[in-house]
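Let us read this structure together, one feature at a time.
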Amino acid sequence: MSNDLSQPLVHIDDFHMKFGDKVVIDGLSFDVARGETFGFLGSNGSGKTTTIRALLGIYLPTSGILEINGRVFSDDYGARLGYLPEERGLYKKESVLDVMTYFGRLKGLTRAGAQKFSRDYLDRVDLADKADVRVDKLSGGEQQKIQLGVTIMNDPELLILDEPTKGFDPVNRRLLMDIIEDRKKAGATVVMVTHQMEEVERLCDRIVLLKDGKSEAYGTIDEVQNLFGGRTVRLKYSGTVPDSPRYKVVLRERNYAELALDDAVDEADVLRELVSSGLVVRGFVAAKRSLDDIFIQVYGEAEGASAQAQAETAVN
Amino acid sequence: MARHNLGTVVQFEFTRTVKKRRFWIATLAIPILLAIVFGLVFASSSNTQSLSEAQKNNQLAFTYTDASALVDPAVAKALGGTVESDPGTAVERVRTGKLNAYFAYPASLQKEPVKVFGTDQGIFKNGSYDAVAKQVVILSAQEKAGSAELSAAIQGNFNTQSQTFKNGKVSGGLETVVPPLLFLVLFYVVIILLANQMLASTLEEKENRVTEMILTTLNPTTLVVGKVISLFLVGALQAVVFAAPMVIGYVFFHDQLAMPNFDLSNLQFQFWPMLVGALLFVGGFILFTGVLVGIGAVMPTAKDASAVFAPVMIMMFIPFYIVSMVVSDPGNLIVQIFTFFPFTAPITAMLRNGFGSLSGVSAAVVIAELFVFGVLALRVAVHLFRYGSIEYSRKLSLRTAFARKG
């Protein structure tokens, strides 16, 4: 096992995965440094979950290197891993405390340690009185809280969250964000598999964009934004935004719009054009292109709209 | 870590099974039923016994007619009987309660029954009429024979002790057959009791969507082996609970329950048949367990699994259709096929082992075959669990599962 802290915690090199004749992953390579929060982005079916499952030994890769801490994953590492899979569940017929204790024991905690963590955590999430209640008697939101508790109960050094906010209500979404922040402060490495761009921009240090099993972009958010070039103008206004060859209106609301500009276009020219068209401009901020824009560009309008819709559902 | 996890899995699986009310309802249903039956038998027996005792002190008043000329009037009188003076109205007098009981002994006891009429005294006490009617004849016959020994000989109330020899040594009879066949009984009990639980247990990870969390903290082999061990313990607990009333009844209430005598001291536990029986049991258990786990891993739900599970279970019972052939003609081709076909092998071979018709070579081949197929089935089951349980709501394609490198 590698103890070299300068080495990446997760190392994937030239990973290929085929199911039958279907190529799912085609030469994917990226690293996740220790202590960073990493966004693993892609549309539905792009191979994100397959990559994570191969990394965690659930699938055997067709070829390539997939390592955590310098070695191929084995269940021994489970004691240092917190994994929230896309497909979630708990033993429904058992009590909350029994389920949490069981997973705690499997993750290397003593019985007393697992029970102490469980009771403290249940207290923190206002479920202290549900310790002896069967899991299937809890509401969906309460079950999500238990699921999160199980994920972090071993103070994992690596937290892998596959579509972490999928199906979460706003309360649990906030709880999840708090947990991620806590783990980051504790020096843990966090890998978020998602297509929620807002969360990625807020939390992630670096990202990889996956499309059809290949990496489309890889680096810090700034690097990816620079790679795709262009800028976004966030515009507050009264009136009607005219069409123009200088920009493309990517978002249009009643008094707010976002315009995508090519690198060659000067924002000042755009502002002049808008004002001269009679538009009352109340705010004009030029910035690098958002990840949402990039996502839409990479995956197409349909996926982008889908991702946007999901993001809004999660937020609301 | 693996050993720690194995212990954790065994403890979790065992505890959660025995903590369920449903488990105890199912487990205690049979002993409670047995206890009720034993209770009824005990009550009946006690009643009959106390009635017999009472009969000795308070004679049962009855009249009788004797066409057989077997009844000794002195014996009948001693038991409370008098010759019926008006047989034509005797039954009517019993019916109207004017006469307590009337026995009509026919000319031939071999061809006709003794007709017994009595006033109703309740379901248990009514039995005393039959008992007295028979006792009159038995004691009369003993009087005629003039010897208790002769009477016992006529009734067959004596034991034999036989000894046979094989290759110059004393060969066993039923005393040697029974002990190895205990493994057959145990095999049935364990598989029948646990098969559904085994199937449901491996489906549970899939149905509860916990497979990925499990597979990233635990080796699937550890999980499957842990489940097998815990279910074996559960089965052992159930077997103890089932057997407890019978053992308690036999040891403490043997006479009251009118249980047949088993002279266990006569049983002969021979080393090789017992060893072969034990190995056949373990090999068969591993094979059936592996297959059931595999079915659970492939199928998305218990309902889907039960359709495949049924034929496997039926194969356990097929050898009993040819049990007489297994005993009397073990060289028969069908018996040979059943002996070596993996799913019928445990039962057929255990029967033949018990009856002494399984040669050493055949036993070695069957045992080796069961262990090889059993371990293979468990390995395949673990592989299928690893890839099948991740399919969650879909049935796993075997082609897909085995196409993966593994």
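Q: What percentage of the 316 residues of chain A count as buried?
A: A residue is buried if 20 or more other C-beta atoms, placed from the backbone, lie within 10 Å of its own, exposed if 12 or fewer, and partly exposed in between. In chain A, 42% of the 316 residues count as buried. This is a predicted model, in which local features need pLDDT of at least 70 and side-chain atom pairs count only at pLDDT 80 or more, while totals for chains, interfaces and linings use all residues. Residues are numbered from 1 along each chain as its sequence is written, and chains are lettered from A and ligands numbered from 1 in the order in which they are written.

Q: How many helices and strands are there in chain A?
A: Helices (H or I, at least four residues) and strands (E, at least two) are DSSP runs, numbered from the N terminus. Chain A has 9 helices and 13 strands, and its C-alpha atoms fill a box of roughly 70 × 45 × 40 Å along the principal axes.

Q: Why does B:Ile367 count as buried?
A: B:Ile367 counts as buried because 21 C-beta neighbours lie inside 10 Å. B:Ile367 sits in helix 15 of chain B, residues 360–388.

Q: Which residues does B:Ile367 touch, not counting those up to four places away in sequence?
A: Two residues are in contact if their C-beta atoms, placed from the backbone, lie within 7 Å. With residues up to four places away in sequence left out, B:Ile367 touches B:Leu279, B:Leu280 and B:Gly283.
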